[in-house]
Amino acid sequence: MSSQKTAAGSQFPAITVSKLGGGELTLGARQGGQDWQLVVVYRGKHCPLCTSYLRELETLLPELHALGVGVVSVSADPETKATDQIALVQPSYPVGYDLSLEQMRELGLYVSDPRSADETDRPFAEPGIFVVNAEGQVQVTDISNAPFARPDLKTLLGGLRFIRNPENNYPIRGTRAA
């Protein structure tokens with residue numbers, strides 16, 4: 001069972017992972033002149049839906065950047081598996097790997113065990129999307145327990161266009177306790 005979900009409006013946790021190509025990647029941190037960040041947690045190499053999703057994300061990158069939204073993705077895969085999968089995607093956004101169980105818990109992600117050694121060799125995070133605003137707060141969050149239930153990226157892009165338009169003065173939604 002998953003721990004507490006990352007709440008809308010809360011400060012995004014400071015999580016640093018290893019980055020493909022070397023160095024470290026801090027999730028939710030400003031980068032490349034973008035004041036917001038879209039953090040995409042994907043399942044890993046064993047997930048063909050993730051490969052397709054990451055490819056689509058790459059096609060929307062210019063529009064996201066035009067809105068001031070940087071993009072990063074991350075999985076629990078070790079470096080070799082992440083490298084193999086990302087070679088199929090060839091993204092221009094940074095990709096992190098080796099997301100730990102503790103980091104998955106901190107983000108409030110659902111975690112699954114592999115069904116067999118053919119799938120993967122370690123527990124992995126199910127999909128998660130976090131849009132972190134300029135104040136480091138979670139503006140939008142979507143956490144799933146299955147690979148086929150995640151937000152449509154074009155719909156998310158349209159929503160971010162609306163939210164980022166100052167004329168709309170759109171608040172963070174879902175912050176009231178039930």
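N169 lies in the segment after α4. The model shown here is predicted. In it, N169 has a positive phi of about 45°, although N169 is not a glycine. Is N169 buried or exposed? Its relative accessibility is 68%, and exposed means over 50%, so N169 counts as exposed.

A second residue with a positive phi is D98. Its phi is near 65°, and D98 is likewise a residue other than glycine. D98 sits in the loop between β5 (95–97) and α3 (101–107). Its relative accessibility is 35%.

Helix α4 spans residues 153–164, and it packs with helix α1, residues 48–66. Their axes are 10 Å apart, and the angle is about 25°. Angles under 35 degrees count as roughly parallel, so α1 and α4 are roughly parallel to each other. Their crossing is right-handed. Which residues make the contact? From α1 come Y53, E56, L57, L60, E63 and L64. From α4 come L153, K154, L157, L160 and R161. By class, this contact of α1 with α4 holds seven nonpolar residues, four charged ones and no polar ones.

Helix α1 has another partner. Helix α2, residues 79–89, packs with α1 at an angle of about 50°. The axes of α1 and α2 are 9 Å apart. This angle makes α1 oblique to α2. The crossing of α1 and α2 is right-handed. On the α1 side, the contact is made by C50, T51, L54 and R55. On the α2 side, Q85, I86, L88 and V89 take part. The classes in the contact of α1 with α2 are five nonpolar, two polar and one charged.

Is S144 buried or exposed? Its relative accessibility is 5%, and buried means under 20%, so S144 counts as buried. What surrounds S144? Leaving aside neighbours within four places in sequence, S144 is in contact with Y110, E126, P127 and A149. With A149 there is a specific atom pair to find. A polar atom of the S144 side chain lies 2.6 Å from the backbone oxygen of A149.

Methods: Residues are numbered from 1 along each chain as its sequence is written. This is a predicted model: local features need pLDDT of at least 70, side-chain atom pairs count only at pLDDT 80 or more; totals for chains, interfaces and linings use all residues. Side-chain values use heavy atoms; hydrogens and water are left out. Axes are lines fitted to C-alpha atoms, for helices over the stretch in contact, and angles run from 0 to 180 degrees between N-to-C directions. Helices (H or I, at least four residues) and strands (E, at least two) are DSSP runs, numbered from the N terminus. Angles under 35 degrees count as roughly parallel, over 145 as roughly antiparallel, 65 to 115 as roughly perpendicular and the rest as oblique. A crossing is left-handed if the near helix is turned anticlockwise from the far one by less than a right angle, and right-handed if clockwise. Contact means heavy atoms within 4.5 Å. Ala, Val, Leu, Ile, Met, Phe, Trp, Tyr, Cys and Pro count as nonpolar, Asp, Glu, Lys and Arg as charged, and the others, Gly among them, as polar. Buried means under 20% relative accessible area, exposed over 50%, partly exposed in between (1.4 Å probe, protein chains only). A polar contact is a pair of N or O atoms within 3.5 Å; within protein, one must be able to donate a hydrogen and the other to accept it, and residues adjacent in sequence count only if both atoms are side-chain atoms.
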